[in-house]
Amino acid sequence: MKTIQLLSLVLIAGWMFACNAPKGELDELDKKVEELLGQMTLEEKVGQMNQYNGFYDVTGPAPSAGDAKNKYDHIKKGWVGSMLNVRGAKNVREMQSLAVDSSRLGIPMIFGFDVIHGHKTLSPIPLAESASWDLEAIEKSARIAAIEASAEGLNWTFAPMVDISRDARWGRVMEGAGEDTYLGTRIGVARVKGFQGDDLSANNTIAACAKHFAAYGFAEGGRDYNTVDVGTATLYNVVFPPFKAAIEEADVKTFMNSFNIVNGIPATGNSFLMRDILKGEWGFEGYVISDWSSGEEMIDHGFARDTAHVAQLAAIAGSDMDMESYAYVKYLAKHVREGRVAESVVDEAARRILKVKFELGLFDDPYKYCDEAREKELIYHQDHMDAALDMAKKSIVLLKNENNTLPLSKEQKKIAVIGTLAKDKDSPLGNWRMAGEDNTAVSVLEGLEKYTSNIKYAEGVKLVTGPTAFPIELEVNETDRSGFKEAIRLAKKSEVVIMVLGEHGLHSGEARSRANIDLPGLQQELLEEVYKVNQNIILVLTNGRPLAITWADEHLRAIVEAWQLGTQAGNAIAEVLFGDYNPSGKLPMTFPRHVGQVPMYYNYFNTGRPGPDGELFYPHYMDESHLPLYAFGYGLSYSSFEYSDLKVQVVDKENVSVEVMVKNTSSVDGEEVVQLYIRDRVASIVRPVKELKGFDKINLKAGEAQSVSFKLSKKELGFYNGNGEFLLEPGDFDVMIGGSSDKVLTASFVLN
Ligand code: BGC
């Protein structure tokens, strides 16, 4: 025993050198990994591939096997490489010491957690942050989340979710960057950089995880976990790019595979995805974790016979770590001994996992994230609160503002605030706020009351009945109208009515698909009743997905999309409503007029019968427009902007420069997101009518004009064909620039 401990000490000394190695010396680090691997038994190597859920939070169906005692024993045997859902400097230290002090080789565990939009200080839900189109702010938001999470003992987040989704019914759109691949790629890269920082071995940076690989956002009907059927051209052009860029541009350390099938094969057992593409073509050196029990679920898919088969299929396909299926820990060593899985498969997975642990510096100091004083100092730090407020303001999208209804005058008398969500301190935190504390957001009402005492509040109608804690299914109130009367009475005697309506914080997120995307419950009815007595309504929407609010758009003068904005929600909304902040957010997802139009997205393909409008035999609905309510990229400001002088210059056969003048034609300083789209008019596979390929967020003083330029290269001008080959084909292109995907100036150019 003593000899082994001594050996461990010698190894740790070596690791201390290795973990601080700068990039050029990674070979040295690889050598250390090999030395360690050489010391490990087969079971210990498999152990690295095994992750257990902790005993604090559960983010999936309760596991059918394994209890706490078993898990403790396994950690002491060196059979557990990682834990999820253990947090708090003290808790992590305790758990880590089981691995470090009691297991034979003392290999530290890596502690993963869903740090999705902030940690304790919550920033807006990811979809909302994406509406800011502000990459710097988004990176900062992830950086702060990492600082707080790492102060709580964590060193790995299961984020960012870079799944592209075009389906507002899917509850997890709240967790992504929306429908567009280019925007989603830029935001994914920013988030990985924010989490991982410049130095992964620092004690305030954490490993990121690009998830869910792949095509999880294409669940049929927007029903979570549902079947996916996408063609290879869509995989390569729409689904893959954010994942690929996370590796190439941000060196993301881990990947998570997904629940769905791709080409009939569950992602967790899909060697095309993990071996051919990810680790082959893209040269990914980190490791892949399964999703929660996604290994075991291959049995229900009809792909694996039993859990033993799961272990075999998943390991061979390249799923390196098993989250909550217990398949590897039970069967993988046996498979190797009996020749069904090559030992090199296990070696490779363990090697990948150990390498990330070295890079994090865990062998240097396994307790580096477990400093309680630091935890106390950093959680809810004022700087984090300030940044969360800034991010929240940037995420707000002004959808309608007829006759400059907004901003409100601070002298405004008799303001009614109506809606249960106005007072809700929990819903603004949104879903996926695992470490967040319930009811800690600044509510809209609290935010507004800081500005004026001229406010009276009425709940109007309850949105949900019964308990609302995760993971309970929400019971939406469909019958109780008892609050209507008071709301109508208040509206009648008020000058202006701010109605805060939308979704409960748990209406979106995992397993929160909706067949309707209107205002849930009796809220629409309440809105229409209030409108009958006072038409001066400002609608503040709080929601985790695009909503079909067609009636509101037709009838109301002002609509503000305020999503779920996190800890500082109410303060941010109040600043926008009273004009202390000029909104500049732009929609990262199309808002349909009706759920029947979904999936609806701006970068669709022309069919052979594109129109014109009014003809019978073209793709349209008899009972609804084929146009959206609000287009991708749309969003107003208290300023107004004018675009002119679009100029295109073809530099050579792969490069084009584009320039446009943007002028703030109002008397208010403001920010504008200048968006550039292209269309390849004729290609060997059909190309979308419009694809975002660049954007720039600029600040313009009242009356100021600025020239904005873009460079397009092969990367932006080319595309993948169905065989995964990247092509840039000569021919005719359009370039379009504007402040929304549906309002652009267009010019053309030819590539020779
Ligand atoms: C989700 C993942 C998440 C994991 C761990 C799963 O249900 O799909 O995104 O990281 O749980 O909480």
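The axes of helix α11 (residues 271-281) and helix α13 (residues 307-317) come within 8 Å of each other and cross at roughly 25 degrees. That makes α11 roughly parallel to α13, a label used for angles under 35 degrees, with over 145 counting as roughly antiparallel, 65 to 115 as roughly perpendicular and the rest as oblique. Axes here are lines fitted to C-alpha atoms, for helices over the stretch in contact, and angles run from 0 to 180 degrees between N-to-C directions. Helices (H or I, at least four residues) and strands (E, at least two) are DSSP runs, numbered from the N terminus.

A word on the model itself. This is a predicted model, in which local features need pLDDT of at least 70 and side-chain atom pairs count only at pLDDT 80 or more, while totals for chains, interfaces and linings use all residues. Residues are numbered from 1 along each chain as its sequence is written, and side-chain values use heavy atoms, with hydrogens and water left out.

Back to the helix pair: Ser271, Met274 and Arg275 in α11 meet Ala315, Ile316 and Ala317 in α13, where contact means heavy atoms within 4.5 Å. Sorted by class, this contact has four nonpolar residues, one polar and one charged.

Next comes an open sheet of three strands, in the order β5-β6-β9 and with parallel pairing; two strands pair if DSSP finds at least two bridges between them. β5 (209-213) and β9 (287-289) stand at the edges with a single partner strand each, so one side of each has no neighbour in the sheet. On average, neighbouring strands of this sheet are turned by 25 degrees against each other, direction ignored. β6 and β9 run parallel and are joined by three bridges, and Phe255 stands opposite Val288 in β9.

Thr254 counts as buried because its relative accessibility is 0%; buried means under 20% relative accessible area, exposed over 50%, and partly exposed in between (1.4 Å probe, protein chains only). A polar atom of the Thr254 side chain lies 2.8 Å from the backbone oxygen of Ala208.

Helix α10 (residues 241-248) lies across β5 and β6, and runs at about 155 degrees to β5. Within α10, Pro242, Phe243, Ala245, Ala246 and Ile247 are buried. Their cover includes α8, β5, α9 (232-239), β6 and α11.

Two loop residues are also worth a look. Val173 is found in the loop between β4 (156-157) and α8 (181-196), and counts as buried at 2% relative accessibility. Leaving aside neighbours within four places in sequence, Val173 is in contact with Leu127, Ser165, Asp167, Gly544, Arg545, Pro546 and Met589. The C-alpha atoms of Val173 and Glu34 are separated by 41 Å, and the two residues are 139 residues apart along the chain.

The other loop residue is Asn534, between α21 (523-533) and β17 (537-542). Asn534 is buried too, with a relative accessible area of 8%. Its side chain reaches the backbone nitrogen of Asn536 at 2.8 Å.

Strand β21 (residues 670-680) pairs with strand β22 (residues 691-700) in the antiparallel sense over nine bridges, and Gly670 stands opposite Leu700 in β22. With strand β26 (residues 731-740), β21 pairs in the antiparallel sense over six bridges, Val735 being the bridge partner of Ile678.

How many residues of β21 are buried? The count is 11 of its 11 residues, so the strand is described as mostly covered under the cut-off of under 20% relative accessible area. In a regular strand the side chains alternate between the two faces of the sheet. In β21 both faces are covered: Gly670, Glu672, Val674, Leu676, Ile678 and Asp680 are buried on one side, and Glu671, Val673, Gln675, Tyr677 and Arg679 on the other.

Key: Ala, Val, Leu, Ile, Met, Phe, Trp, Tyr, Cys and Pro count as nonpolar, Asp, Glu, Lys and Arg as charged, and the others, Gly among them, as polar. A polar contact is a pair of N or O atoms within 3.5 Å; within protein, one must be able to donate a hydrogen and the other to accept it, and residues adjacent in sequence count only if both atoms are side-chain atoms.
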